[in-house]
Amino acid sequence: MKYNEISHFSHPQHKLKIEFTEVPFKCDGCKEIGIGSCYKCNLCEYDLHMHCAIPTPVIYHPYYPKCSFIFMSRPPGNVPRYCNACERGIFGFSYHCKSCGFDLHPCCAKLPTVLDDGEITLYLYRKVSATCQRCGRKGRSWSYRSSNKKYNLHVACVKDILIDSWQDLYNGRSGPTKTVPDVPGLKWALIQTHSHRSYYTNSNSKSKKGSSKVEKCCEMAGMTLQFVISAVLGDPTSLIAGVIGSLMSR
């Protein structure tokens with residue numbers, strides 16, 4: 001077998017080859033959005049996050065020291081399951097603790113606890129008292145917060161940033177279902193997120209408080225936001241690609 005391809009139990013008919021894309025895709029394992037490095041079958045348009053393609057059988061998370069999370073190919077039981085990190089539904093691959101009943105998406109389970117782009121350091125928190133710069137709410141979703149406490153973004157809201165940018169261009173699509181030709185990539189999403197929020201800030205004079213939150217989110221629409229998006233969407237190698245691209249553009 002070649003070093004850049006694998007056989008996977010979820011798609012036994014063909015080998016999956018590693019690829020890199022700035023086009024969003026829906027992972028056929030966990031059913032969540034992804035970008036960057038993935039394992040793909042081009043014949044069937046079958047995509048897997050790196051974490052879903054090569055899962056760890058059992059993991060332990062510092063936020064739940066008493067839990068043992070077992071990798072599962074489908075949600076356990078017959079009741080709806082929700083990820084304890086992003087509060088979104090579990091519909092495919094997941095990590096489940098049988099004793100506590102906690103669930104985590106594979107990418108959420110592997111989120112780096114610290115992100116550093118050389119200028120701003122962001123830390124992953126299970127609970128944050130500050131409001132999210134994107135949604136303006138506190139909520140229960142895990143958050144990335146900067147060391148100076150100026151920036152705070154829910155893990156769930158980071159996923160929405162890319163999805164919203166995609167939907168803004170392709171009106172009528174209900175969300176990412178599979179990779180679509182000519183769909184804007186990560187760089188496009190960052191630019192559109194910045195311009196969209198700026199437009200909202202300038203046109204909405206009803207709430208200065210709300211505008212200031214949008215402005216703070218706009219300030220992150222650079223390398224720092226790219227770091228967060230890359231991590232949440234399951235591709236740590238995008239962080240490296242982002243750093244190289246930044247250095248080359250200087």
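This is a predicted model: local features need pLDDT of at least 70, side-chain atom pairs count only at pLDDT 80 or more; totals for chains, interfaces and linings use all residues.
Start at strand 3, residues 33-41. Of its 9 residues, 9 are buried. Strand 2 covers residues 16-26 and runs antiparallel to strand 3. The two are joined by 7 bridges. The hairpin formed by strand 2 and strand 3 has 6 residues between the strands. Among them, lysine 31 takes a positive phi near 70°.

Now the other partner. Strand 4 spans residues 46-49 and pairs with strand 3 over 4 bridges. The sense is again antiparallel. Here cysteine 41 stands opposite tyrosine 46 of strand 4. This second hairpin has 4 residues between its strands. Glutamate 45 sits in the turn and has a positive phi of about 55°.

Next come the charged pairs. How many salt bridges does the structure hold? There are 4. In general, side chains of opposite charge can pair when their charged atoms come close.

One of the salt bridges joins the side chains of glutamate 32 and lysine 159, at 2.8 Å from N to O. Glutamate 32 lies in the loop between strand 2 and strand 3, while lysine 159 belongs to helix 3, residues 155-169. The pair therefore ties together parts that are 127 residues apart in sequence. Are these two side chains in buried or exposed residues? Glutamate 32 counts as buried because its relative accessibility is 14%. Lysine 159 is buried too, with a relative accessible area of 5%.

A second salt bridge links aspartate 47 and lysine 40. Their closest N and O atoms are 2.8 Å apart. Both aspartate 47 and lysine 40 are buried.

Arginine 81 and aspartate 103 also meet through their side chains, again as a salt bridge of 2.8 Å from N to O. Arginine 81 is in strand 7 (residues 81-82) and aspartate 103 is in strand 10 (residues 103-104), so this pair ties together parts 22 residues apart in sequence. Arginine 81 counts as buried at 16% relative accessibility. Aspartate 103 is buried, with a relative accessible area of 2%. Shared partners also build a network: salt bridges join Lys40, Glu45 and Asp47 into one. Glu45 is the turn residue with the positive phi of about 55°.

Turn to the cysteines. A disulfide is a covalent bond between the sulfur atoms of two cysteines. How many disulfides does a search of the whole structure find? It finds 0. Why is cysteine 52 in no disulfide? The nearest cysteine sulfur, that of cysteine 27, is 3.8 Å away, and a disulfide needs the two sulfur atoms within 2.5 Å. Cysteine 157 is in no disulfide either. For cysteine 157, the nearest cysteine sulfur belongs to cysteine 132, at 3.7 Å. Cysteine 52 counts as buried because its relative accessibility is 0%. Cysteine 157 counts as buried at 6%.

Val58, Tyr60 and Ile70 make a nonpolar patch of about 290 Å². Valine 58 lies in strand 5, residues 58-61. Valine 58 is partly exposed, because its relative accessible area is 37%.

Terms used: Residues are numbered from 1 along each chain as its sequence is written. Side-chain values use heavy atoms; hydrogens and water are left out. Buried means under 20% relative accessible area, exposed over 50%, partly exposed in between (1.4 Å probe, protein chains only). Two strands pair if DSSP finds at least two bridges between them. Patches are made of residues with over 30% relative accessible area and no salt bridge: like charges are joined within 9 Å, nonpolar side chains (Val, Leu, Ile, Met, Phe, Trp, Tyr) within 5 Å. Accessible areas come from the Shrake-Rupley method with a 1.4 Å probe; for residues, only the protein chains shown count as cover.
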